[in-house]
Amino acid sequence: MAFPTCSVAPLSKVQRLYDACDMVFSSATTAGMPMPATLGGISWLQHLLDGMAAADVGIDDGEKQPASMDGAEPSAKKSARLLPAHGFTRITYVHIHQSDDFSIGVFCFPAGATLPLHDHPEMVVLSKLLYGSVRVRSYDWVTAPPSSSQRKCGLARVVAADEVRRAPCETSVLFPRGGGNMHAFTAVTPCAILDVITPPYSEEHGRPSTYFNDVPIVSLPGFAFLEEVEMPEDLSVVGAPYLGPRITVDMDEDEDDDYYDEHYDDHDDYDDYHQ
């Protein structure tokens with residue numbers, strides 16, 4: 001008896017990334033306590049991110065032959081709607097996914113734009129530079145300020161001192177107390193950074209984004225004094241729609257898009273690029 005053949009479309013790279021994040025970061029518990037991600041799990045995610053290109057998350061990086069979206073048919077590759085790199089005139093966040101456990105999104109920068117020095121409280125962040133060049137400045141606390149302090153300040157160790165990273169390069173990882181938890185980005189050329197963050201920022205759970213001024217200590221090379229400041233008034237981050245492959249999300253998860261809607265507005269700006 002002959003059975004009909006059927007083909008199964010390969011998973012997109014962004015779907016594989018989501019599935020891996022769900023396995024590594026979801027809130028499995030032991031005796032009621034969350035299980036932290038293992039270094040093996042982090043390495044797996046680094047490997048997946050290393051293999052991703054801008055088109056895999058719905059962005060045209062401006063190259064003459066941009067990387068094709070994984071799993072798409074040849075005709076679809078040419079007609080796929082992609083956000084154009086040249087269209088980003090302000091720092092733009094492309095929201096892909098957010099749950100209580102992790103978030104996935106892309107920060108897109110025009111040349112010269114700066115994301116000021118900020119921290120990632122009790123977070124792990126994986127960052128993949130998708131295209132372009134970016135200048136990175138980052139620090140780790142020598143001794144973390146007490147959580148009870150009204151304003152964070154203290155001595156910090158330099159991790160990257162205006163280091164220029166150029167795509168393609170390996171995915172970077174920062175941890176709560178290592179790897180450059182406080183960092184700033186300045187786009188040397190138009191560029192985009194794909195971020196996986198666990199757990200996401202949350203005012204409610206004591207994980208707000210804090211901004212800093214940094215003052216180098218001449219008598220102590222490799223160190224600086226960091227002091228909390230208000231969010232810079234000239235910092236503007238807008239939102240753009242995600243146009244990449246659709247992600248099938250675990251239905252047991254509760255999507256948390258309120259943070260995205262509150263912080264990244266002007267979502268309709270990009271309609272003008274696709275008329």
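These legends describe close-up views of a predicted model.

**View 1. Strand 8 and its pairing with strand 13.** Strand 8 covers residues 124-131, and eight of its eight residues are buried. Strand 13, residues 191-198, pairs with strand 8 in the antiparallel sense, with seven bridges between them.

**View 2. Strand 8 and its pairing with strand 11.** Strand 8 is also joined to strand 11, residues 172-174, by three bridges, and the two run antiparallel. Here Val 125 stands opposite Leu 174 of strand 11.

View 3. Helix 1 runs over residues 13-25; its 13 residues should span 18 Å at 1.5 Å a residue, and because its end C-alpha atoms are 18 Å apart, the two values agree. Buried residues of the helix include Val 14, Leu 17, Tyr 18, Cys 21, Val 24 and Phe 25. Gln 15, Ala 20 and Asp 22 are buried as well. The cover over these buried residues includes helix 2 (39-50), strand 5 (91-98) and strand 6 (103-109). Strands 8 and 13, shown in View 1, also contribute to that cover.

View 4. The mean pLDDT of the protein is 84, with 77% of residues at 70 or more. Over residues 65-79 the pLDDT is below 50, and the model gives this stretch 21 contacts beyond near neighbours in sequence. Residues 29-33 stay under 50 in pLDDT, with four contacts beyond four places in sequence.

Technical notes
Residues numbered from 1 in each chain as written. Predicted model: local features only at pLDDT ≥ 70, side-chain atom pairs only at ≥ 80, totals over all residues. Heavy atoms only, no water. Buried < 20%, exposed > 50% of the residue type's maximum accessible area, 1.4 Å probe, protein only. Helix = DSSP H or I, 4+ residues; strand = E, 2+ residues; numbered from the N terminus. Pairing = 2+ DSSP bridges. Expected span 1.5 Å × (residues − 1). Contact = heavy atoms within 4.5 Å. pLDDT = per-residue confidence, 0-100.
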